[in-house]
Amino acid sequence: MIAVKDYSNYRDVVVAAVADLAESHEDVVFLDADLSSCIGSTAFQKRFPERFTNCGIAEANMAAMAGGMASVGLTPFIHSFGCFASRRDYDQLFISVGYTGQVVHVIGSDPGITAQYNGGTHMPFEDIALFRQIPSFNIIEPSDGESLARLVPQLYAAGKSSYIRTPRKGINVRYTPDDEIMLGKAITLTEGDDIAIVATGCVMVDTALEATAALKDKGISARVIDLHTIRPFDAATIEKAAHETGHVIVCENGRRAGGVGELVAGHLAQTCPVKMDFLCVEDRYGEVGPLSYLKESFGFTAPVLVDKALKLLSK
Amino acid sequence: MLDASTLQMLKKEALDARIKTIECISSFGSGHIGGSMSIMETLVYLYYVEMRIRPEEPDWEERDRLVLSKGHAGPALYAVLAKKGFFPLEWLGTLNKGGTKLPSHVDMTKTPGVDFTAGSLGQGISAAVGIALAQRIRGFKDSWTYAIVGDGESQEGEVWEAAEVAGAQKLDNLIAFTDLNKQQLDGYTDDIIPMYHLKERYETFGFDAYEVDGHDFNQVADAIASAKSVKGKPHMIILNTVKSFGYIPGEGVKGNHSMSINEETRKSAIDALVDREGGR
């Protein structure tokens, strides 16, 4: 297991985690689509040159190739920006990986507003919804470096394809090597009985924690849940939170249609209907700018979340 | 050049596989007869002479693999696989029926001997490039990957993405074919997207390329033998074929991509084919 404290970027963590896995599993190979210097998969290439292939700017072919390679007993990890890793190769992932029963792990970097200066053309808000439609894919969006490093080998061990939604730049330090981090098991970060805030990914978990501190000043106790795994879905933790608080807000750095919020709402509608709201992107495209500007522009801020919580609690 | 007895055996097996393909499609009532019949010589030659396969162990890792990228030609592959013993001949009568193991488009999760799923055109050749690369990474030095792509299918941009990578990676264990039968679902390729100069196109992508009569066993065999002797390049063999060749009611007919075959047409078509071939 890699020591996450040695890394200062998500991209270095995810590549190091895959390379660490490759050390003990000869079947692990890495494919990139001319973004190896962006994600740092060159580090994998240095250690395992014969197990790395740069497929060029041709994501669809890369995805179907990966399906073919998996059918010969290899386990490909493939990377592109999340927008291309979901939209440009979708039919290939659906048919040549999903439908064929092959196992391929897809790293989609720069999700949602973390695409920042690459702007609207590169800003995937729909990738979660797209991968939710491929029945055999696990989906994760870790909120810190430690959980990212720990979940990668668990995805491999699960023996199913996966989508790994991670920023490239910066890193959050939330968990320690001693914390329990399990694929499919959401982590309760703060205890609270008035309202549950279910957040996915580093941007939203940060916003949720900030809002929780502000709510505490108002005498409201919020339970923040880091839903790092979207599939398999941790129904038990979410149901318990809904049952015990009666109010749930789901926060995701993605579009509402088909996203995490609708996943949670759809589940609770059947098991424990409660008052709900969502912090997410509505019917809107991305735009260019620094993260601070984009957070304001899309309303991914603590004041917006606090306002939503207060309104929900007063209903 | 094939010896006389091998050539005679291949012709006999191809005639029988064509009859079984017509029967298979007629058992359902309709299907992709045109593109199935045009690749029969290539399939029969590969499975009867060229490929290292174990019908009793279809998942043998070091086998040669074939990706039928033009996945709608499933019935032709099913006839050959059944004849080779991958599954019982009786299955050929179950095409497209509920719960069948023989769907219209080839499916590796359903049919023993089908090495990769295809049907969404363009993807099979990409998968074949991945398979050839994986054989190299895993050190399967005697393993070959074969792929059959349609000429209409080659309108998909993905085919050329796959060709780029095959050329760049110098995948000399990949022998691909293009079934140049000049017709696609809506009509003649010349009237829709002309598929000119395919041999030259592949050569510019770094391929060792050939163009042969796809209904002449000797030409197909010679091209494969030549391909296997050329190192450092992937191989493309353009098969000049007639769509629906051997299903005579479909030969030269527009709209022969998928045709209805009832009891009466099945019988008369098989009789006419056997007659043209000089008997069974």
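**Sheet, helix packing and chain contact**

A:Leu31 has A:Thr53 as its bridge partner in S2(A). This is a predicted model, so to speak of local features a pLDDT of at least 70 is needed, side-chain atom pairs count only at pLDDT 80 or more, and totals for chains, interfaces and linings use all residues. Residues are numbered from 1 along each chain as its sequence is written, while chains are lettered from A and ligands numbered from 1 in the order in which they are written.

Back to that bridge: S1 (residues 28-32) of chain A is joined to S2(A) by three bridges, and the two run parallel. Strands here are DSSP runs of E with at least two residues, helices are runs of H or I with at least four, and both are numbered from the N terminus. Two strands pair if DSSP finds at least two bridges between them. On that basis, seven strands of chain A make up an open, mixed sheet in the order S2-S1-S3-S4-S6-S5-S10. S2 (52-54) and S10 (229-231) sit at the edges, each pairing on one side only. Ignoring direction, neighbouring strands are turned by 20 degrees against each other on average.

Helix H1 (residues 10-24) of chain A lies across S1, S3 (75-81), S4 (105-109) and S6 (161-166), at about 145 degrees to S1(A). Axes are lines fitted to C-alpha atoms, for helices over the stretch in contact, and angles run from 0 to 180 degrees between N-to-C directions.

Now for helices meeting helices. In chain A, the axes of H4 (residues 59-70) and H6 (residues 90-99) come within 8 Å and cross at roughly 10 degrees. H4(A) is therefore roughly parallel to H6(A), a label for angles under 35 degrees. A:Ala60, A:Ala63, A:Ala64, A:Ala66 and A:Gly67 of H4(A) make the contact with A:Gln92, A:Leu93, A:Ser96 and A:Val97 of H6(A); contact means C-beta atoms, placed from the backbone, within 7 Å.

H10 (residues 235-245) and H11 (residues 260-271) of chain A have axes that come within 11 Å and cross at roughly 65 degrees. That makes H10(A) roughly perpendicular to H11(A), the term for 65 to 115 degrees. Here A:Ala235, A:Ile238, A:Glu239 and A:Ala242 of H10(A) meet A:Val264, A:His267, A:Leu268 and A:Thr271 of H11(A).

Finally, chain A meets chain B through 26 residues from chain A and 23 residues from chain B. H4 and H6 of chain A each supply at least two residues of the side that touches chain B, and H4(A) gives the most, with eight residues.

Key
Angles under 35 degrees count as roughly parallel, over 145 as roughly antiparallel, 65 to 115 as roughly perpendicular and the rest as oblique. Two residues are in contact if their C-beta atoms, placed from the backbone, lie within 7 Å.
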